[in-house]
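Welcome, and please take a moment to look over the structure below. The briefing that follows goes through it topic by topic.

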Amino acid sequence: MDLSDISEELSRAEGQINDIFRALSNGFQKLDKIRDSNRRSRQLEELTDKMRECKRLIKEFERVMKEEENRNTHDTNKMLNERKQSMIKELNSYVALKKQHASENKRIDLFDVPDGGDVFGEENVLLASSMTNQQLMDHGNHMMDETDQTIERTKKVVEQTVNVGAETAAALKAQTEQMNRVVNDLDSIHFSIKKAGKLVKEIGRQVATDRCIMGMLFLIVMGVIAVIIVKLVHPNNKDILDIPGLAPPAARKLL
């Protein structure tokens, strides 16, 4: 059954997936003829990208298939599911083939050697099968020396890192202590401000009380003075009470 009769989107996705499968088949055939490890790695990366794209298209195929499921017959859905499973199976076979080539690619080059040697190959590498025992020992010793040097450099870097970490930790500790002191000082200042506020309020209340008392005393004094003045001006006015200790002017006897 032609998928274009069911869905143009499914037909287009299947066509793209089949094109990728053909490209993968040709790519792995070419990979078998490549001996250079760098070229093999690049070829494997390209094939891996194609397999990722194929996986995305299969998921797209499955999504469209689910959207069309209610509109299709049972036999049509069964046929679409079989095609999807067939695509997944074929993709998995290429994934397994890619893993096999990737593992084989790791065994091609064993040692990296400098330029200018008489026993070096075309890509400046030496296969273990073409080396004599003495060459293997010499090259192994050379690699061990380089490894020891690398280890020593790594140790120095680690020591420097440890020293920097210790200095950083000490600086952080000092800053933490300083921050704690600042926080304590702020607490003390806050307490002092709070206490000063209370003291100012109490002083304000005392001042207000003193002003009230002074006002009352002033009114009393002014009242007494007013009564005295009125009594002196109108000594015979009986409506004005006598001030204790102060006799009327007419009743006073002259000495």
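A salt bridge here means a side-chain nitrogen of Lys or Arg within 4 Å of a carboxyl oxygen of Asp or Glu. By that rule, the structure holds ten salt bridges. This is a predicted model, where local features need pLDDT of at least 70, side-chain atom pairs count only at pLDDT 80 or more, and totals for chains, interfaces and linings use all residues. Residues are numbered from 1 along each chain as its sequence is written, and side-chain values use heavy atoms, leaving out hydrogens and water.

**Salt bridges**

- In helix α2, D49 and R52 are three residues apart, and therefore separated by about one helical turn; helices are DSSP runs (H or I, at least four residues) numbered from the N terminus.
- D49 and R52 form a salt bridge whose closest N and O atoms are 2.9 Å apart.
- R52 is exposed at 54% relative accessible area, while D49 is partly exposed at 45% (buried is under 20%, exposed over 50%, partly exposed in between, with a 1.4 Å probe and protein chains only).
- E60 pairs with R63 in another salt bridge, with 2.3 Å between the closest N and O atoms.
- E62 forms a salt bridge with K84, the closest N and O atoms being 3.4 Å apart.
- Because E62 lies in helix α2 and K84 in helix α3, this pair ties together parts that are 22 residues apart in sequence.
- K84 is buried, at 9% relative accessible area, whereas E62 is partly exposed at 25%.
- Through shared partners, salt bridges join E9, E60, R63 and E67 into one network.

**The nonpolar core**

- A nonpolar core is a set of buried Ala, Val, Leu, Ile, Met, Phe, Trp, Tyr and Cys residues joined through side-chain atoms within 4.5 Å.
- The largest nonpolar core has 24 residues, of which F21, L24, F61 and L80 touch the most other members.
- At least two residues of this core come from each of α1 (8–33), α2 (37–67) and α3 (74–105).
- The biggest contribution to this core is from α2, with nine residues.

**The loop between α2 and α3**

- E68 sits in the loop between α2 and α3.
- With a relative accessible area of 15%, E68 is buried.
- The C-alpha atoms of E68 and I6 are separated by 8.7 Å, although these residues are 62 apart along the chain.
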